[in-house]
Amino acid sequence: MLNILLTLGVIVLFYAVALILANIVERIRTLRGEELNYSRNNQTHGKLFMIYGLFFLLMCAFSLKYMEFAILPTPASNWGVEIDKLFWVTCWITGIVFVITHVSLFYFVWKYRGREDRSATFFAHSGKLELIWTSIPALTMAVLVVMGLKTWFNVFPNKKTLPANQLTIEATAKQFNWMLRYPGPDGVFGKRVISKEFISADNELGIDWTDPASHDDFFASELYMVKGRPVHFNLGALDVLHSFYLPHFRMKMDCVPGVPTGIGFTPTLTNEETRELLKTNKHWAAIDPETNEPRYMKFNYELACAELCGKSHYGMMMPAHVVSQSKFDEWMKTQKPFYEVNKDKIQAWLAARNLTASAPEVSNHTSFNFEEVMKMGIDKDAVYETDAIEFSSGSSELNAKSKATLDQLALLLEKNTDSKIALAAHTDSDGDDAKNLELSQKRADACSAYLLTKGIKSDRIAAKGFGETQPIADNASKEGKQKNRRTEFDFN
Ligand SMILES: [Cu+2]
């Protein structure tokens with residue numbers, strides 16, 4: 001700080017001395033009776049101006065290079081890549097215009113300086129000139145706007161169908177933190193009731209504890225997402241405007257009290273991968289005196305609030321992590337459902353209102369976990385569900401992930417030679433009933449055909465499509481639909 005003040009002081013003094021010297025020279029000339037030579041003066045000033053212009057442009061280039069480390073690293077989301085492309089196209093266009101206009105500005109000051117032997121041309125109007133300086137910026141703007149709109153429609157698609165394996169997280173902002181609610185293992189959020197009855201200091205979101213889906217919902221103190229798995233945030237705010245901001249993913253959306261908003265993307269880089277990228281960044285590669293390690297070792301993504309929402313606005317920072325599905329599952333296991341932690345309080349609250357928390361339905365449906373089944377053996381009473389056998393909309397073609405799951409089933413059948421498998425494919429209620437039935441049959445058949453290629457005898461496989469006839473959740477909600485699109489199998 002002192003250094004900067006000293007440097008500034010020296011510059012000011014230097015300027016003052018130059019001014020005084022110039023004044024003295026001028027006075028001496030007047031005393032000597034020399035006439036002021038405006039032409040020569042203007043020429044000197046014009047040249048000085050050009051030198052200054054060059055210095056200015058060089059300083060711009062230098063500061064750009066000097067501050068390069070502060071530019072955000074490679075975007076960690078699919079849309080981030082597109083948004084960065086737009087950003088850089090805009091920077092290049094404006095940068096080129098900046099250089100052209102500034103070079104011309106400083107050059108013209110010298111070229112058109114006042115000279116005694118020439119006078120300025122005057123014209124009031126030129127249609128051609130106006131056409132040029134209107135159409136070029138208009139065209140450039142049109143190109144930028146069209147490119148921007150294209151990206152916008154990608155980021156906010158008007159699509160009803162969601163990716164089958166999408167992770168949905170609810171983020172509610174308040175002064176001054178984020179409440180991140182995960183739907184728990186069932187993938188369904190407990191309902192919320194916005195009424196005085198339900199909302200209290202203990203239940204700020206007004207979660208309806210009579211809804212069994214709420215019993216496994218948990219609040220996370222740090223944001224966890226899965227690499228390569230689409231994530232969607234349902235956004236809200238309790239008090240004032242906030243803004244959900246994930247700079248490393250180039251994602252930002254307002255949180256408005258009373259108006260639900262949302263944003264979604266697919267994380268593409270784990271924290272570990274971004275740390276790797278930051279190794280070459282001079283700020284992040286520098287040793288942190290507190291830990292004696294390079295700073296990048298401690299790097300995490302950030303969730304921040306981008307709306308100046310009050311005096312502790314800056315405190316709305318939360319670490320964010322992108323991890324593999326297996327690490328995410330491990331983390332999920334460490335999270336305690338809010339209902340479990342506060343069971344006594346909630347039970348008392350329910351009892352005071354003569355309400356009961358309806359018990360989760362007893363079901364023999366269980367989600368398929370290959371390692372577990374390998375270890376524990378096949379449960380012949382259970383119906384296994386999996387979303388790892390997935391098909392793109394309207395298709396019955398197996399992708400690599402689905403084949404990998406079927407490979408696991410083939411292994412289990414090889415191991416349990418006395419078992420048979422019954423495969424059942426289900427769809428949600430979107431589209432024509434008969435077509436859904438036909439499609440689900442084709443999908444079940446595709447699974448069975450694949451198992452045949454793995455050497456499983458056809459008399460051990462049964463495959464049936466049920467279309468939309470056997471929903472296990474409400475088709476009115478996206479989450480419900482996602483649960484209904486499933487493949488089930490049981491061993492007998
Ligand atoms: Cu805020």
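This is a predicted model: local features need pLDDT of at least 70, side-chain atom pairs count only at pLDDT 80 or more; totals for chains, interfaces and linings use all residues.

Now find helix α11, residues 400-415, and helix α12, residues 433-453. Their axes come within 10 Å and cross at roughly 55°. On the α11 side, the contact is made by Lys-403, Leu-406, Leu-409 and Ala-410, and on the α12 side by Cys-447, Tyr-450 and Leu-451. Sorted by class, this contact of α11 with α12 has 6 nonpolar residues, 1 charged residue and no polar ones.

From the helices, let us turn to the strands. In a regular strand, side chains alternate between the two faces of the sheet. Strand β11, residues 301-305, has a covered face with Tyr-301, Leu-303 and Cys-305, while Glu-302 and Ala-304 make up its uncovered face. Strand β6, residues 242-246, runs antiparallel to β11 and is joined to it by 2 bridges; here Phe-244 stands opposite Cys-305. Strand β12, residues 318-323, is also antiparallel to β11, with 3 bridges between them, and Tyr-301 stands opposite Ala-320.

Next comes strand β5, residues 231-237, which is mostly covered, with 5 of its 7 residues buried. β5 pairs with strand β1, residues 167-174, in the parallel sense over 7 bridges, and Glu-170 stands opposite Asn-234 there. With strand β8, residues 261-265, β5 pairs in the antiparallel sense over 5 bridges; Leu-235 has Thr-261 as its bridge partner.

Finally, a few backbone details in the loops. Most residues other than glycine have a negative phi, and most peptide bonds are trans. Yet the peptide bond from Gln-175 to Phe-176 is cis, with omega near 0°, and Phe-176 is found in the loop between β1 and β2. Arg-250, in the loop between β6 and β7, has a positive phi of about 55° although it is not a glycine. Asn-292, in the loop between β9 and β10, has a positive phi of about 60° and is not a glycine either. Arg-250 counts as buried because it has 21 C-beta neighbours inside 10 Å, whereas Asn-292 is exposed, with 7 other C-beta atoms within 10 Å.

Definitions and conventions: Residues are numbered from 1 along each chain as its sequence is written. Axes are lines fitted to C-alpha atoms, for helices over the stretch in contact, and angles run from 0 to 180 degrees between N-to-C directions. Helices (H or I, at least four residues) and strands (E, at least two) are DSSP runs, numbered from the N terminus. Two residues are in contact if their C-beta atoms, placed from the backbone, lie within 7 Å. Ala, Val, Leu, Ile, Met, Phe, Trp, Tyr, Cys and Pro count as nonpolar, Asp, Glu, Lys and Arg as charged, and the others, Gly among them, as polar. A residue is buried if 20 or more other C-beta atoms lie within 10 Å of its own, exposed if 12 or fewer, and partly exposed in between; C-beta atoms are placed from the backbone. Two strands pair if DSSP finds at least two bridges between them.
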